[in-house]
Amino acid sequence: MRFMVTALFVAAASPALAAGYPFVSLRNTDFVVLVAFLIFIGILLYYKVPALVAGMLDKRAVNIRAELDEAKALREEAMALLASYERKQKDVQVQADRIVASAKQEANDAAVAAKEEIARSISRRMQAAEEQIASAQAAAIKDVRDQAVIVAVAAAKDVLAGQMNAKSAGALIDESIAVVADKLH
C-alpha cells in the first residue's frame, strides 16, 4: 500500500501534469509539494524526531560543556604548573648564581693563599740559600785558615830545620819536657 501511495505522489508531482490547474489540485506542483512537506513534517512529529534531535543536541551540548570545563581545568592546572616551574627555575637560577659566586670567591681565596705560600716558599729558599752561602763562606775561611796553618807549620818546620842543630834540639826537647811536667803536676 505504501508503494502505491508513493507512486501516486510521484505521478501527481510531475511538472507536466501541473500546468494550468487550480492550486488545490493534485496536478498543481506547488500544492503537491506543500502536501508532501506537511506529510513529511507529520511523520517527523509522529516519530518524535524533533525531541530526539533536541535530546541529541542537548547531550552534545552537555558533552561540549564538560569538555570545555575539563579544558578550563586543564588550562588552570597547566598555568599553575607553569608558574611552579617558573618559580623553581628562578630558585635554581638564584642557587646557581650563589654557587658561581661561591666558586669565584673560593678561587680568589685559593689564589691569594697560593701567592702567600709561594712568597713563604721563596723566603724559606732564600734563607736556606743564604745559610748555605754563609756555611760555604765559613767552610772556605776554615779551609783557608787550615791551609794557612799547614803552610805556616811547614814553613816554620823548614825554617826551624834549617836553624836547628843537635845542641839546640836537645835543649828544646828538655824545655818541652819540663813544661809538660809542670802542667801535669
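Rings of Phe, Tyr and Trp (its six-membered ring) pair if their centres lie within 6.5 Å. Planes under 30 degrees apart count as stacked, over 60 as edge-to-face and the rest as tilted. On these terms, a search of the whole structure, a predicted model, finds one aromatic pair. The partners are Tyr46 and Tyr47, with ring centres 5.1 Å apart. Their planes stand at 80°, so the pair is edge-to-face. Tyr46 and Tyr47 are both exposed.

The overall fold is helical. The protein contains four helices and zero strands. Along the sequence, the pattern reads α-α-α-α. The protein has 185 residues, and buried residues make up 4% of them. Its accessible surface comes to about 16200 Å². Carbon and sulfur atoms account for 66% of that surface.

The loop between helix 1 and helix 2 was examined next. Helix 1 covers residues 2-12, and helix 2 covers residues 29-46. Ser25 has its place in the loop between them. Ser25 has 15% relative accessibility and therefore counts as buried, because the cut-off for burial is under 20%. Beyond residues up to four places away in sequence, Ser25 touches Phe31 and Val32. Asn28 lies in the loop between helix 1 and helix 2 as well. Its relative accessibility is 10%, so Asn28 also counts as buried. A polar atom of the Asn28 side chain lies 3.1 Å from the backbone nitrogen of Asp30.

A nonpolar patch is found on the surface. Its members are Phe23, Val24, Leu34, Phe37, Leu38, Phe40, Ile41 and Leu45. Together they present about 800 Å² of accessible area. One of these members, Phe40, was considered individually. Phe40 lies in helix 2. With a relative accessible area of 46%, Phe40 is partly exposed, because that class runs between the 20% and 50% limits.

The loop between helix 2 and helix 3 holds Lys48. The phi angle of Lys48 is near 55°. This is a positive value in a residue other than glycine. Lys48 counts as exposed, because its relative accessibility is 56% and the limit for that class is over 50%.

Charged side chains were then considered. Side chains of opposite charge can pair when their charged atoms come close. The structure holds three salt bridges. In one of them, the side chains of Arg120 and Glu117 meet with an N to O distance of 2.7 Å. Arg120 and Glu117 are three residues apart in helix 3, which spans residues 49-163. About one helical turn therefore separates Arg120 from Glu117. Arg120 has a relative accessible area of 42% and is partly exposed. Glu117 is also partly exposed, at 35%.

Glu117 takes part in another salt bridge, with Arg124. Here the closest N and O atoms are 3.6 Å apart. Arg124 counts as partly exposed, with 47% relative accessibility.

A further salt bridge links Asp146 and Lys142. The closest N and O atoms of Asp146 and Lys142 are 3.3 Å apart. Both residues lie in helix 3. Asp146 and Lys142 are four residues apart, about one turn of the helix. At 35% relative accessibility, Asp146 is classed as partly exposed. Among the salt bridges, shared partners join Glu117, Arg120 and Arg124 into one network.

Technical notes
Residues numbered from 1 in each chain as written. Predicted model: local features only at pLDDT ≥ 70, side-chain atom pairs only at ≥ 80, totals over all residues. Heavy atoms only, no water. Helix = DSSP H or I, 4+ residues; strand = E, 2+ residues; numbered from the N terminus. Buried < 20%, exposed > 50% of the residue type's maximum accessible area, 1.4 Å probe, protein only. Contact = heavy atoms within 4.5 Å. Patch = residues over 30% accessible without salt bridge, like charges linked within 9 Å, V, L, I, M, F, W, Y side chains within 5 Å. Areas by Shrake-Rupley, 256 points an atom, 1.4 Å probe, with all protein chains shown as cover. Salt bridge = Lys/Arg side-chain N within 4 Å of Asp/Glu carboxyl O. Polar contact = N/O pair within 3.5 Å; in protein donor to acceptor, adjacent residues only side chain to side chain.
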